[in-house]
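Reader: Please take me through this model feature by feature. For each one, I would like the convention before the case.

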Amino acid sequence: MVTREELFRETEEKIEGTTEVLRSFFHDLGEAVYKDQSVLPVQMGVSLLEVVKKAENDMNTAFSSREDDKAFSVEFDETKNRKTWVDDEMEKLREEEKDIRLCIGALIYEQCSLGLLDRDRFSSVYADSDEEKKLSEKAEAKSLFSRLSSRSALSRMKRSDNSRYLDYSSLIDNEENAVSLSGGNAETLVKKLEAVKEKRALLFQEKEEKDIYLSQNIARRKALEKGGLESDDERVEDSLSAYNEALINYGNYLYDRGGSWIGETTPPEILDILQKIIEIQNEYRELNERKSRLQKEAKADDYKALIEEEKEKIKILLGEREKIDMQIEDIEKEISRLEGLVEKLVK
């Protein structure tokens, strides 16, 4: 069996739920009329309308700001990731260019050692080639000192092959020098080098653009990381709440003054909202009446309980009074006895 306390709690919960439903219908009424003022014979609730318009503008601004910040964050992070990728690709291309240049440098040295290239254009390479030939010849000389020093010099030249080949390869940065190389392999290497340089140039341009963008926007991104996006969410939530509350107040105002604007031309959808409000208000009133009745019944029970407590106190006091009366009677008897003794003594 449901107790009065349980029924009271259930009634309060229903009242809360009904209140929210009623507010939602006031919101729907306010929103419907706000978006179509033609349903009113004259403009009503001008000050409330201004509050709704301001709340709507604030809400749209908050939403727009949040979307801008989100879009910016995505763009910034994508740009940062792209820049990292560009850096990695440029490093790979640097290594690839180095390998190609080493091959070209070795090829130039080989062709110079065979006398295939123009001596004036590749004079530095011919100088090293001639030097290596001299050292090789001296390395076979009879003199021990000459052999040792020549072999040591040759060893040093071999150890510097990579750096020398890279230096040689820079000679074909001159297009005329590049054309003078002979052999299909040379042509392939030069084309590969040009392709790699072109890729690197494009990536370098992109890297500079990304660096400029990131440096210009890093402060904004850090601010958003430190709570800017959360602040955006809070502003959106607050502005949305203010907008909805403004519509509820406007809808409540329109309902209270329904007699001045509801008529035959009122759209059916608005009439439906009004009918629902009436039904919910009736339910709300019945629930509050039930709550009031339960409160009165509970109060009456409290008073009844107090009455019973007071009656118990009376019973206790009556019991104590009976004892006191008996004690008084005994004392009176003792007084009478003593008075009799006194009378006997004075006769």
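Author: Begin with helices: helices (H or I, at least four residues) and strands (E, at least two) are DSSP runs, numbered from the N terminus. The expected span of a helix is 1.5 Å times one less than its number of residues. Helix 8 (residues 268–346) has 79 residues and covers 114 Å from its first C-alpha to its last, close to the expected 117 Å. Helix 2 (residues 46–113) has 68 residues and spans 97 Å, close to the expected 100 Å. Just after helix 2, Gly 115 has a positive phi of about 70°.

Reader: What should I know about the source of the coordinates and the numbering?

Author: This is a predicted model, in which local features need pLDDT of at least 70, side-chain atom pairs count only at pLDDT 80 or more, and totals for chains, interfaces and linings use all residues. Residues are numbered from 1 along each chain as its sequence is written, and side-chain values use heavy atoms, with hydrogens and water left out.

Reader: Where in the protein chain is confidence lowest, and where is it highest?

Author: pLDDT is the predictor's confidence in each residue, from 0 to 100. The mean for the protein chain is 87, and 92% of its residues reach 70 or more. Confidence is lowest in helix 4 (residues 144–159), at a mean of 46, and highest in helix 2, at 94. Over residues 141–151 the pLDDT is below 50, and this stretch has 11 contacts in the model beyond near neighbours in sequence; contact means heavy atoms within 4.5 Å. Where pLDDT is low, the predicted coordinates should not be read in detail.

Reader: Which residues of helix 8 are buried?

Author: Buried means under 20% relative accessible area, exposed over 50%, and partly exposed in between (1.4 Å probe, protein chains only). The buried residues in helix 8 are Ile 270, Ile 273, Leu 274, Ile 277, Ile 280, Leu 287 and Leu 294. Their cover includes helix 1 (4–35) and helix 7 (184–256). Val 342, also in helix 8, is partly exposed because its relative accessible area is 49%.

Reader: Is Lys 83 buried or exposed?

Author: Lys 83 belongs to helix 2 and counts as buried because its relative accessible area is 17%. Leaving aside neighbours within four places in sequence, Lys 83 is in contact with Lys 207, Lys 210, Asp 211 and Leu 214.

Reader: How many salt bridges does the structure hold?

Author: A salt bridge is a side-chain nitrogen of Lys or Arg within 4 Å of a carboxyl oxygen of Asp or Glu. The structure holds 28. A network of them links Lys 83, Asp 87, Lys 207 and Asp 211. Within it, Lys 207 pairs with Asp 211, the closest N and O atoms being 3.2 Å apart. Both lie in helix 7, 4 residues apart, about one turn of the helix.

Reader: What separates the closest N and O atoms of Asp 232 and Arg 235?

Author: The distance in that salt bridge is 2.2 Å. Asp 232 and Arg 235 both lie in helix 7, 3 residues apart. Asp 232 is buried, because its relative accessible area is 1%, whereas Arg 235 is partly exposed at 43%. In helix 2, Arg 94 and Glu 91 are likewise 3 residues apart, about one turn of the helix, and their salt bridge has its closest N and O atoms 2.7 Å apart.
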